[in-house]
Amino acid sequence: MKVVFAPIGILAGLAAGFAAQKGFERIWAVFDDEEAPEAEDRFVSYPKLLVALALEGALFRVVKGMVDRGTRLSFASVTGVWPGEEGTAH
């Protein structure tokens with residue numbers, strides 16, 4: 001079933017990345033009128049860059065994780081097979 005889930009997981013991951021980027025751009029617009037700074041921007045201050053990178057990274061990780069989890073739950077619901085490690089119940 002890993003082979004069947006792989007393309008679904010990849011497409012879901014791409015969609016999650018796109019959604020996270022758009023979400024970050026909207027959130028950043030609330031804080032600053034300019035586009036979010038990038039590491040290669042010569043004159044950006046370290047505090048501003050740090051906030052932008054931390055916010056972008058956190059948002060990407062949350063969106064990606066939630067989409068991945070939802071995709072796996074949906075796949076398991078349809079197929080009856082969990083795609084990935086079973087792990088331990090907490």
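**Notebook: helix 2 and the chain around it**

I looked up what covers the buried residues of helix 2, and the cover includes helix 1 (2-31). Here contact means heavy atoms within 4.5 Å, and buried means under 20% relative accessible area with a 1.4 Å probe, protein chains only. I note that this is a predicted model, in which local features need pLDDT of at least 70, side-chain atom pairs count only at pLDDT 80 or more, and totals for chains, interfaces and linings use all residues. Residues are numbered from 1 along each chain as its sequence is written, and side-chain values use heavy atoms, with hydrogens and water left out.

I then listed the buried residues of helix 2: L49, A52, V63, T71, F75 and A76. Helix 2 covers residues 46-79, 34 residues in total, and reaches 48 Å from its first C-alpha to its last. That is close to the 50 Å expected at 1.5 Å a residue (1.5 Å times one less than the number of residues).

Next I turned to the whole protein chain. I found two helices and zero strands (DSSP runs, H or I of at least four residues for helices and E of at least two for strands, numbered from the N terminus). The radius of gyration, taken over C-alpha atoms, is 17 Å, well over the 12 Å that the globule rule gives for 90 residues, so the chain is more spread out than a compact globule. The rule is 2.2 Å times the number of residues to the power 0.38. I recorded a C-alpha trace spanning about 50 × 25 × 20 Å along its principal axes. Buried residues make up 21% of the 90 residues.

Conventions:
Buried means under 20% relative accessible area, exposed over 50%, partly exposed in between (1.4 Å probe, protein chains only).
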